[in-house]
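Thank you for letting me take a few minutes of the meeting; I would like us to look at one model together, slowly, and please have it open as I speak.

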Amino acid sequence: MIAVTGPTGNIGRALVERLVAAGRPVRALTRDPGRARLPAGVETVRLDPAAPDGLFEGATELFLYVQAGGEHTPRLLDAARAAGVRHVVLLSSGIIDSGADESHPIHVMHATAERHVRDSGLTWTFLRPNAFATNAFQWAPQIRAGDTVRGVFADGQAAPIHEDDIAAVAERALLDDGHEGAAHRLTGPEAITNAGQVAAIGTALGRELDFTEVAPDEAAAELFPHVPPEMLQALLKSFAATVGVPPEITGTVGEITGRPARPFAVWAEDHADDFRA
């Protein structure tokens, strides 16, 4: 039995689907089981990280989304170990060991989670992806409404990774030996600018989209309404640092799964319907 937190998110759902296709029993731990809509055969259980007893009975592996436990992560991990879980695969972040400011809120959150996992007594594997291709969903409302996308840092570069490529690595880390104690850095296969991402989405839709750059101090609240104010400035500073700077690119996805990571254009084709009105 493999317990999966975050099973309704982009990566968690892709992982659940992969594990089901591989014939592995899955227990999906989610705060709202009634709305999970997961594949048939998946055991869906309500996750309360403050009261984790009973969540892990019969499970031997855990996929942990970094925000699943929050401040209760140590308690969640203790319950997992007590129930017989032996190995945890943590979805962390490429900001760790990247040279980034260690006071950055995203660094603090993921470094804290990694420390909790190391201290848990479980064997572990860390997945450290950089930019997610799914971050492009931030432009979906504008793309549905018209052909112009307003955003910050048109020339900011990244190597966005397809969520199913992350899930594919997680699947192998859960099912195969040899990943214990490893920290896998994960990226897409090529650099692309923010403006280039918007253009690729346009190509997938059969439309020509324009990226209009706006000053971050003028449009930050409008463009990032769900980002907490205390994190927004640090996030914008990180985005600014990507302008004209080639991103890290690794071959880890191909090395672990036997199939190269998919470029952003493929992700855009896979998700074209998500950008249609």
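I will go through a pair of helices, then a histidine, and then some aromatic rings.

Please keep in mind throughout that this is a predicted model. Let me begin with how two packed helices are described, which is by the angle between their axes and the distance between the axes. Here, helix α1, which covers residues 10-21, and helix α6, which covers residues 163-175, have axes that come within 8 Å and cross at roughly 50°. The two helices are therefore oblique to each other, and the crossing in which α1 passes α6 is right-handed. If you look for the residues that meet, those in α1 include Ile 11, Ala 14 and Leu 15, while on the side of α6 you will find, among them, Ile 166, Ala 170 and Leu 174.

Now please turn to His 110, which belongs to helix α4, residues 105-119. Is His 110 buried or exposed? Its relative accessible area is 8%, and because buried means under 20%, His 110 counts as buried. Once we leave aside neighbours within four places in sequence, His 110 is in contact with Val 66, Leu 91, Ser 92, Ser 93 and Ile 96.

Finally, the rings: the structure holds seven aromatic pairs. One of them joins Trp 267 and Phe 275 edge-to-face, with 6.0 Å from centre to centre and 75° between the planes. Both Trp 267 and Phe 275 are buried, and together with Phe 137 and Phe 264 they form one aromatic cluster. Elsewhere, Arg 118 lies over the face of Trp 124, at 5.1 Å from the ring centre.

Conventions:
Residues are numbered from 1 along each chain as its sequence is written. This is a predicted model: local features need pLDDT of at least 70, side-chain atom pairs count only at pLDDT 80 or more; totals for chains, interfaces and linings use all residues. Side-chain values use heavy atoms; hydrogens and water are left out. Rings of Phe, Tyr and Trp (its six-membered ring) pair if their centres lie within 6.5 Å; planes under 30 degrees apart count as stacked, over 60 as edge-to-face and the rest as tilted. Buried means under 20% relative accessible area, exposed over 50%, partly exposed in between (1.4 Å probe, protein chains only). A charge sits over a ring if NZ of Lys or CZ of Arg is within 6 Å of the ring centre and within 35 degrees of the ring normal. Axes are lines fitted to C-alpha atoms, for helices over the stretch in contact, and angles run from 0 to 180 degrees between N-to-C directions. Helices (H or I, at least four residues) and strands (E, at least two) are DSSP runs, numbered from the N terminus. Angles under 35 degrees count as roughly parallel, over 145 as roughly antiparallel, 65 to 115 as roughly perpendicular and the rest as oblique. A crossing is left-handed if the near helix is turned anticlockwise from the far one by less than a right angle, and right-handed if clockwise. Contact means heavy atoms within 4.5 Å.
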